[in-house]
Amino acid sequence: MSRLTRFSISVRNNLTGLALLLVAWLVLSLFFPGYILPSPGQVLRASPAVLDVAFVPHLWLTLQRMLIGFLLAFGAGSALGILAFILHLTEHLNSFMVALQVIPGAILGIILLLVLGVGDWTPIALVALLTLPTVAINIANALAKRDLSLEQYLLSAGAGRRRLVRHLYLPALIPTIQSNLSLGFGLGMKVVVLGEFIGSQDGLGYLLNVAAIRFDMQSVMAYLCVVLIISAVFEIGQSLVFSLFLTKYFYPP
Amino acid sequence: MMPDDMLTVEHLTKRFRAAETPLGGHSSMPEPPVIEDLSFTIPRGGRVTLFAPTGAGKTTLIDILTGLDRTYEGSFRLTARNPATIFQEPRLFPHMTVEENVILPAQIRRIPLTPAMCEKYERWLEVCGLTAYTRYFPYQLSGGMKQKVALMRGFVTDPDFVMMDEPFKSLDLHSKQAIIRHILEVHPNISLLFVTHALEEVPLLTQSVLLFKTNRLANYTTHDASRLDTILMEAIHG
């Protein structure tokens with residue numbers, strides 16, 4: 001499969017997913033009044049007023065918080081996964097991370113709000129803590145499930161640690177890194193909104209909270225559409241990078 | 001050990017640890033050794049076949065000699081400057097092309113890619129019928145083609161000792177003969193430890209045969225590889 005084909009399939013899948021959501025929303029909106037579930041058309045007409053100039057700083061703050069939390073989770077989670085693999089502690093890491101994952105986001109959010117207060121750090125910490133287990137578990141498991149016969153070949157050929165990392169461990173990690181980026185970004189987006197919902201005076205989550213309190217469902221749906229579009233754009237972007245530069249690590253490419 | 005010996009194996013014994021029982025304990029049955037008090041020598045330039053039934057521990061022996069398995073009794077001494085191993089399965093790197101796979105051992109050992117080596121590589125491609133496939137990835141090749149790539153990878157760095165664990169298993173007779181002829185033509189003085197249970201391959205490639213009749217590597221008889229009929233009779237009737 002060529003790089004372009006791989007990329008276009010990814011774009012098509014993303015757009016298909018969005019289109020299916022849109023259709024489901026449209027169909028459901030036929031069964032509910034507009035003040036409970038407005039139709040896509042109603043939301044589109046209301047969008048210029050909802051997503052006005054005042055909305056942009058909120059969106060920018062949300063993106064910054066999400067990216068900082070996500071990068072923290074990605075870095076720390078990858079380091080933890082690698083460390084667990086090196087120290088033969090993958091199973092222990094899995095148990096610990098699963099336990100961390102079980103804590104409901106809302107409860108963790110309230111704890112973080114009490115500890116960190118209202119502001120940037122509650123949503124950032126929430127994103128980092130809720131995304132980290134997925135990243136760490138995936139990295140540790142990808143390394144544990146590397147191709148042992150290839151490792152044996154490299155060792156028999158006299159390869160040192162550097163060669164093992166370059167020819168075996170990194171290639172084994174690349175598909176996992178992509179799925180971590182994909183899953184982590186989606187999860188991070190969801191969690192940052194929750195974090196802002198609980199403990200912020202600004203950001204998309206805060207706007208959603210205000211709109212929800214007022215039962216302003218047109219604004220709620222408009223904000224959700226923005227979240228969906230941002231996630232889709234990121235997904236297409238990361239797919240472009242992996243398709244262009246790293247296709248050979250997805251075999252068959 | 002004689003100074004011109006390539007490989008000397010002395011009183012090598014290998015036991016696998018007893019399998020754990022479903023309740024977590026260990027089986028009370030003592031595990032019989034898969035290799036028992038094995039000693040043999042391959043002189044420099046010697047080509048030896050190790051012919052034994054399936055499950056006799058041939059691959060285990062290769063694992064020990066390549067340093068992959070370090071839990072054994074006895075000892076061995078390998079004096080090769082540039083040894084290579086060709087495994088039963090091709091073990092090609094799926095993200096590398098044929099060419100990248102073949103030159104990998106040279107990169108690992110920091111052997112410069114000289115024009116002579118490139119010429120050798122080209123010749124190997126011709127012999128294996130893979131000239132048009134150098135940019136292909138392993139998933140685009142058949143099982144036999146992958147095995148040919150593994151064979152090329154084993155020989156292209158000009159090794160002085162090669163351990164081959166049933167390397168021709170997925171090759172047709174014509175390819176097998178062409179490759180063996182090429183090995184002997186390009187590497188007339190190479191030392192080989194050739195592991196197989198396909199008798200017809202023995203006289204094509206090696207000079208002597210260590211014949212094991214039981215399903216473990218213990219007692220053996222030594223034969224001249226060219227006397228296929230004798231080996232066959234011995235293998236059948238003991």
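First, a term. A helix crossing is left-handed if the near helix is turned anticlockwise from the far one by less than a right angle, and right-handed if clockwise. Hold on to that. One caution too: this is a predicted model.

Let's start with chain A. It has 10 helices and zero strands. Along the principal axes, the C-alpha atoms of chain A fill a box of roughly 70 × 45 × 30 Å.

Now for a pair of these helices. Take α1(A), residues 3–29, and α10(A), residues 217–245. Their axes lie 9 Å apart, and the packing angle is about 165°. Angles over 145 degrees count as roughly antiparallel. So α1(A) is roughly antiparallel to α10(A). Which hand does the crossing of α1(A) and α10(A) have, left or right? It is right-handed.

What makes that contact? From α1(A), the residues include Arg3(A), Phe7(A), Val11(A) and Leu18(A). From α10(A), they include Leu228(A), Glu235(A), Ile236(A) and Leu244(A). By class, the contact of α1(A) with α10(A) has eight nonpolar, four polar and three charged residues.

Here is another pair in chain A. Helix α3(A) covers residues 55–86, and α6(A) covers 121–144. They pack at about 35°, with axes 6 Å apart. This crossing of α3(A) and α6(A) is right-handed. Its contact residues divide into 22 nonpolar, five polar and one charged.

On to chain B. It is divided into two domains. Domain 1 is built from several stretches: 1–16, 30–81, 161–167 and 190–238. Domain 2 is residues 89–159. Taken over C-alpha atoms, the centres of these domains of chain B are 26 Å apart.

Next, the sheets. As background, strands of a sheet pair through backbone hydrogen bonds, either parallel or antiparallel.

One sheet of chain B is open and has three strands, in the order β2-β1-β4, with antiparallel pairing. Which strands of chain B sit at its edges? They are β2, residues 35–43, and β4, residues 73–78, and each pairs on one side only. Neighbouring strands here are turned by 5° on average, direction ignored. Strand β1(B), residues 5–14, is joined to β2(B) by six bridges.

Another sheet of chain B has six strands. Its order is β5-β6-β7-β3-β8-β9, it is open, and its pairing is mixed. At the edges stand β5(B), 83–86, and β9(B), 220–224. Each has a single partner strand, so one side of each is left without a neighbour in the sheet. In this sheet, neighbouring strands are turned by 15° on average, direction ignored.

Zoom in on β5(B). This strand pairs with β6(B), residues 161–165, in the parallel sense over four bridges. There, Thr85(B) has Met163(B) as its bridge partner. And helix α1(B), residues 58–65, packs on the sheet. That helix touches β3(B), β5(B), β6(B) and β7(B), and its direction makes about 150° with that of β6(B).

Last, the place where the chains meet. How many residues of chain B are in contact with chain A? There are 15, and they contact 17 residues of chain A. The chain B side has eight nonpolar, four polar and three charged residues.

Conventions: Residues numbered from 1 in each chain as written. Chains lettered and ligands numbered in written order. Predicted model: local features only at pLDDT ≥ 70, side-chain atom pairs only at ≥ 80, totals over all residues. Domains from an automatic or database assignment. Contact = placed C-beta atoms within 7 Å. Nonpolar A, V, L, I, M, F, W, Y, C, P; charged D, E, K, R; others polar. Pairing = 2+ DSSP bridges. Helix = DSSP H or I, 4+ residues; strand = E, 2+ residues; numbered from the N terminus. Axes fitted to C-alpha atoms, helices over the stretch in contact; angles between N-to-C directions. Parallel < 35°, antiparallel > 145°, perpendicular 65-115°, else oblique.
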